[in-house]
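Here is a briefing on how one protein chain folds. Look at the sequence and the structure first, then read on.

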Amino acid sequence: MRAFQMLATCGVALAIATATDAQEIDWKKVDATLGKTGAVSGEVHRYGLPRSDLQVTVDGVAIKPALALGGWAAFVPMRGEAMVMGDLVLLETEINPVMAKLLEGGVEITAVHNHLLRANPETFYMQYRRPR
């Protein structure tokens, strides 16, 4: 499932973004792991994670990933490590296994909700953060 690939990739990126107190985070390695360059604003590095693998419609109208299927992860250096927060777009069957993996990795789930009423298939958004 694409959700698990994104989850694993974000986990690897978080591990890379975690530096010792004496080192700087190597953002080029994080970019390489996520397969894209993050949008940088100050110290924040933000990565879009659209679910282009899903074919979602609302009342028969196709929804493009950039419209309402866009997950994201934002990293910011904190005390020699990185804090991450973001959103994952999930199908209902992906919620419990993804939540279990995130919790196992020390990531907090801050919300699970949907943005699209009457979507087919139904999509959910899981907000998460890993504070440092």
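The points below cover the sheets, the helices and the cores.

This is a predicted model, in which local features need pLDDT of at least 70, side-chain atom pairs count only at pLDDT 80 or more, and totals for chains, interfaces and linings use all residues. Residues are numbered from 1 along each chain as its sequence is written, and side-chain values use heavy atoms, with hydrogens and water left out. Helices (H or I, at least four residues) and strands (E, at least two) are DSSP runs, numbered from the N terminus.

**The six-stranded sheet**

- Six strands make an open sheet, in the order β1-β2-β5-β6-β9-β7. Their pairing is antiparallel. Two strands pair if DSSP finds at least two bridges between them.
- β1 (39–41) and β7 are the edge strands, and each pairs on one side only.
- From one strand to the next, the twist averages 20 degrees. Axes are lines fitted to C-alpha atoms, for helices over the stretch in contact, and angles run from 0 to 180 degrees between N-to-C directions.
- Strand β5 (residues 70–78) pairs with β6 through seven bridges, in the antiparallel sense. Trp72 stands opposite Asp87 in β6. Phe75 has Val84 in β6 as its bridge partner.
- β5 and β6 form a hairpin with two residues between them. Arg79 sits in the turn and has a positive phi of about 50 degrees.
- β6 and β9 run antiparallel and are joined by eight bridges. Here Asp87 stands opposite Gln127 in β9.
- Strand β7 (residues 108–113) and β9 also run antiparallel, joined by five bridges. Val112 stands opposite Met126 in β9.

**The three-stranded sheet**

- Three strands form an open sheet in the order β4-β3-β8, with antiparallel pairing.
- β4 (61–63) and β8 (119–120) stand at the edges with a single partner strand each, so one side of each has no neighbour in the sheet.
- Strand β3 (residues 56–58) pairs with β8 over two bridges, in the antiparallel sense. Thr57 stands opposite Asn120 in β8.

**Helices on the sheet**

- Helix α2 (residues 27–34) lies across β2 (44–50) and β5. It runs at about 5 degrees to β2. Contact means heavy atoms within 4.5 Å.
- Helix α4 (residues 92–104) lies across β6, β7 and β9, and runs at about 165 degrees to β6.

**Buried strands and cores**

- Which strands are largely enclosed by the rest of the structure? β6 is, because eight of its 11 residues are buried. So is β9 (residues 123–130), because six of its eight residues are buried. Buried means under 20% relative accessible area, exposed over 50%, and partly exposed in between (1.4 Å probe, protein chains only).
- Leu88 lies in strand β6 (residues 81–91). Leu88 is buried, with a relative accessible area of 2%. Leu88 and Trp72 are 16 residues apart in sequence, and their C-alpha atoms are 6.6 Å apart in space.
- The largest nonpolar core has 19 residues, and Phe75, Leu88, Leu102 and Tyr128 touch the most other members. A nonpolar core is a set of buried Ala, Val, Leu, Ile, Met, Phe, Trp, Tyr and Cys residues joined through side-chain atoms within 4.5 Å.
- At least two residues of this core come from each of α2, β2, β5, β6, α4 and β9. β6 gives the largest share, four residues.
- A second, separate core has 10 residues, including Leu54, Val56, Leu69 and Leu116.
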